[in-house]
Amino acid sequence: MAVHVALTGATGFLGLRLLRRLLETHRSVTVLAHAGSGDALHRITRFFELTGASTAFTAALPARLRVVETDLARPRLGLSRQAFQELADRIGTLWHSAGSINLEGDLPELRRTNVEGTRHVLELAAAGRLRPRVHHVSTAFVAGARRQGVAYEDELDDAHGFENAYERSKYEAELLVHAWSKEHGRPVLVLRPGILVTDLPPHPELPSHPLQVAERILRDARHTTAPALRTEAPESRPRVRMVGHAHGRLNLLQVEHAAEVMVRLAGRTPSGGVDTYHVVHDRDVPVATVVEVLERLVPVSIELVDAGPDTPSALESLLDFYPGMTAYLAHRRRFDDTRVRARLGPSAASAPLSTDYLWAGLAARPWTVPGPPGQLADLSPAGHCV
Ligand SMILES: NC(=O)c1ccc[n+]([C@@H]2O[C@H](COP(=O)([O-])OP(=O)(O)OC[C@H]3O[C@@H](n4cnc5c(N)ncnc54)[C@H](OP(=O)(O)O)[C@@H]3O)[C@@H](O)[C@H]2O)c1
């Protein structure tokens, strides 16, 4: 009998790509959707339509996806005792990709979704009579506020503190995974991606990604403080001093590639305990490149400085409300992914990430459905113009 797979977070930026990969090898998938957050089947179908899937593929989705409405934050995922047990007993593999990636969220809120949510997902796995395999999506950023040096796959500690509550919540979720694996004598795959990016342009029906969020914050702050400035001439761009390192670098990885690597790692024989992998790009992107792309989108001029300005402008003060995010401009660390390369070999390496790729995933443009060339959808992401 084929192993039945369930996935949390299937409507998310990464979850949609994981779902695409899982549907390549599974006839059906149980989607543990976010209750009260819109029609998951419709959202998933729109993603596939917008990314060039065939009509036959999307027409088959209602029969291939079983949607169960859940809430990570609630005991038994908000299900009745009976529904919880029935769900648990059907699952052979449980992918947990749902979570809150709100870098500015407060700790209690993030704990509810990311820590308690993971606890409830692990309880589902513990209850299942098939002893489902658990694949937990974490983040490379559990490395916390360590800004230099190398972060290794077998490290999990809070010695450096955390840049924001999101990182801490994901760290605490990993601690739970370790405790659960030990208590139940069960294997768990922990996947720690870097910052995920795409070259698909923004679209109102697709989930946003972290760089898009950064761009939006910058744009909103700039509009709030300088609404009269409409020209994009370089000399009239407000100057923004942000704390960062001239040689800073960030690990950005194509989301499609991340999903492919994750599914391939899930196919490897587990050690029996917790197997943790850094799903990262082998080359970091200079912070200067990210800044350059953001400056092309938002008419500001960003200057990286060692310390925050004594007399910040209104725009700088506004951006100062996002220290948990802007801290990344000072990062120079590297993520070691020896284990991934040892398991998957050179094919684990992703294509180089160009400035054009990053630009494509942020700049509004007429929507073109990939696939048959020249096929245009009737939707324009006009709401996303800067
Ligand atoms: N994006 C990145 O760059 C990145 C990098 C490293 C690690 N990660 C990790 O990758 C995972 C997926 O991230 P993502 O980028 O796909 O995030 P995302 O686009 O924000 O998607 C989050 C998913 O979780 C679901 N969800 C949120 N709260 C829920 C709740 N209370 N109950 C049930 N489902 C809930 C969302 O459903 P709705 O959309 O319906 O709310 C959505 O499907 C997360 O664990 C994240 O920590 C992401």
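Reader: In this predicted model, which residue meets E24 in a salt bridge, and where do the two sit relative to each other?
Author: The side chains of E24 and its partner form a salt bridge, with N and O 3.8 Å apart. A nitrogen of Lys or Arg has to lie within 4 Å of a carboxyl oxygen of Asp or Glu, so this pair qualifies. The two residues are 3 apart in helix α1, and therefore about one helical turn separates E24 from R21.

Reader: How are α1 and α2 oriented to each other: roughly parallel or roughly perpendicular?
Author: Helix α1 covers residues 13-25 and helix α2 covers residues 40-50; their axes lie 11 Å apart and the packing angle is about 80 degrees. Angles of 65 to 115 degrees count as roughly perpendicular. The two helices, α1 and α2, are therefore roughly perpendicular.

Reader: Which residues of α2 make the contact with α1, and how many of the contact residues are charged?
Author: From α1 the contact takes L16, R17, L19, R20 and L23, and from α2 it takes I44, F47 and F48. The contact residues comprise 6 nonpolar and no polar ones, and the number charged is 2.

Reader: What area do domain 1 and domain 2 bury between them?
Author: Domain 1 spans 5-196 + 253-279, and domain 2 spans 197-249 + 285-332 + 352-384. Their centres, taken over C-alpha atoms, are 27 Å apart. The contact draws on 27 residues of domain 1 and 26 residues of domain 2. Carbon and sulfur atoms carry 61% of the buried area, which comes to about 2200 Å².

Reader: How many salt bridges are there between domain 1 and domain 2, and which residue forms one with R46?
Author: The structure holds 16 salt bridges, and the count between domain 1 and domain 2 is 1. R46 has its own salt bridge, with the closest N and O atoms 2.9 Å apart, and the partner is E205.

Definitions and conventions. Residues are numbered from 1 along each chain as its sequence is written. This is a predicted model: local features need pLDDT of at least 70, side-chain atom pairs count only at pLDDT 80 or more; totals for chains, interfaces and linings use all residues. Side-chain values use heavy atoms; hydrogens and water are left out. Axes are lines fitted to C-alpha atoms, for helices over the stretch in contact, and angles run from 0 to 180 degrees between N-to-C directions. Helices (H or I, at least four residues) and strands (E, at least two) are DSSP runs, numbered from the N terminus. Angles under 35 degrees count as roughly parallel, over 145 as roughly antiparallel, 65 to 115 as roughly perpendicular and the rest as oblique. Contact means heavy atoms within 4.5 Å. Ala, Val, Leu, Ile, Met, Phe, Trp, Tyr, Cys and Pro count as nonpolar, Asp, Glu, Lys and Arg as charged, and the others, Gly among them, as polar. Domain bounds come from an automatic or database domain assignment. Buried area is the accessible area (1.4 Å probe) that two parts lose on being put together, summed over both.
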